[in-house]
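Student: Could you walk me through how to read a few features of a protein model? I would like the general idea each time, and then the case at hand.

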Amino acid sequence: MRTNYLTEGMVKKSYRCSFLGHHFIETKKVNNHFSEFECTICKMQATNDTRGQKITLTSKLKEINETLFYLNLKKQFVSKFYFRKDQ
């Protein structure tokens, strides 16, 4: 017996998320603390806030996430090539 028979054709995708909640998958790992997510049903994009809760991804938050991503890459590059510990 299928448990989600209501969501398969009788209800639109936008209503499906409002009834049952979003089904987020991680699309981009910004750094250890922040990630970007996308709902597989309605394609809504979200990100983490400072408390770890998911909030909708605005253009301003997307720019902040890109900046954090590139700063994290720069930090990894510098620590790997310039501050090596010879053993």
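Student: Let's begin with Cys42: how does its relative accessible area class it?

Tutor: This is a predicted model, and in it Cys42 has a relative accessible area of 29%, so it is partly exposed. Cys39, by contrast, counts as buried, at 1% relative accessibility.

Student: How many disulfides does the count come to?

Tutor: The general idea first: a disulfide is a covalent bond between the sulfur atoms of two cysteines. To call one here, the two sulfur atoms must lie within 2.5 Å. By that rule the count is zero disulfides.

Student: Now the overall layout. What pattern does the protein chain follow along the sequence?

Tutor: Reading along the sequence gives α-β-β-β-β-α, which corresponds to two helices and four strands.

Student: And how do the strands come together, in what order?

Tutor: As a general idea, strands of a sheet pair through backbone hydrogen bonds, either parallel or antiparallel. In this model the four strands make an open sheet in the order β1-β2-β3-β4, and the pairing is antiparallel. β1 and β4 (54-56) are at the edges with a single partner strand each, so one side of each has no neighbour in the sheet. From one strand to the next, the twist averages 35 degrees.

Student: Which bridges can I look up around β2?

Tutor: Take β1 (residues 24-29) to begin with: β1 and β2 pair in the antiparallel sense over five bridges. Ile25 has Glu38 of β2 as its bridge partner. These two strands form a hairpin, with five residues between them. Then turn to β3 (residues 45-48), which runs antiparallel to β2 and is joined to it by three bridges. There, Glu36 has Thr47 as its bridge partner, and Glu38 stands opposite Gln45.

Student: Is β2 enclosed or open to the outside, and why?

Tutor: Of the five residues of β2 (residues 35-39), four are buried, so the strand is largely enclosed by the rest of the structure. For the protein chain as a whole, 17% of the 87 residues are buried. Its accessible surface comes to about 7600 Å², with 54% belonging to carbon and sulfur atoms.

Student: One last thing: what share of the contacts joins residues 24 or more positions apart?

Tutor: Among contacts with a separation of 6 or more in the protein chain, residues 24 or more positions apart account for 20%.

Definitions and conventions:
Residues are numbered from 1 along each chain as its sequence is written. This is a predicted model: local features need pLDDT of at least 70, side-chain atom pairs count only at pLDDT 80 or more; totals for chains, interfaces and linings use all residues. Side-chain values use heavy atoms; hydrogens and water are left out. Buried means under 20% relative accessible area, exposed over 50%, partly exposed in between (1.4 Å probe, protein chains only). Contact means heavy atoms within 4.5 Å. Accessible areas come from the Shrake-Rupley method with a 1.4 Å probe; for residues, only the protein chains shown count as cover. Two strands pair if DSSP finds at least two bridges between them. Axes are lines fitted to C-alpha atoms, for helices over the stretch in contact, and angles run from 0 to 180 degrees between N-to-C directions.
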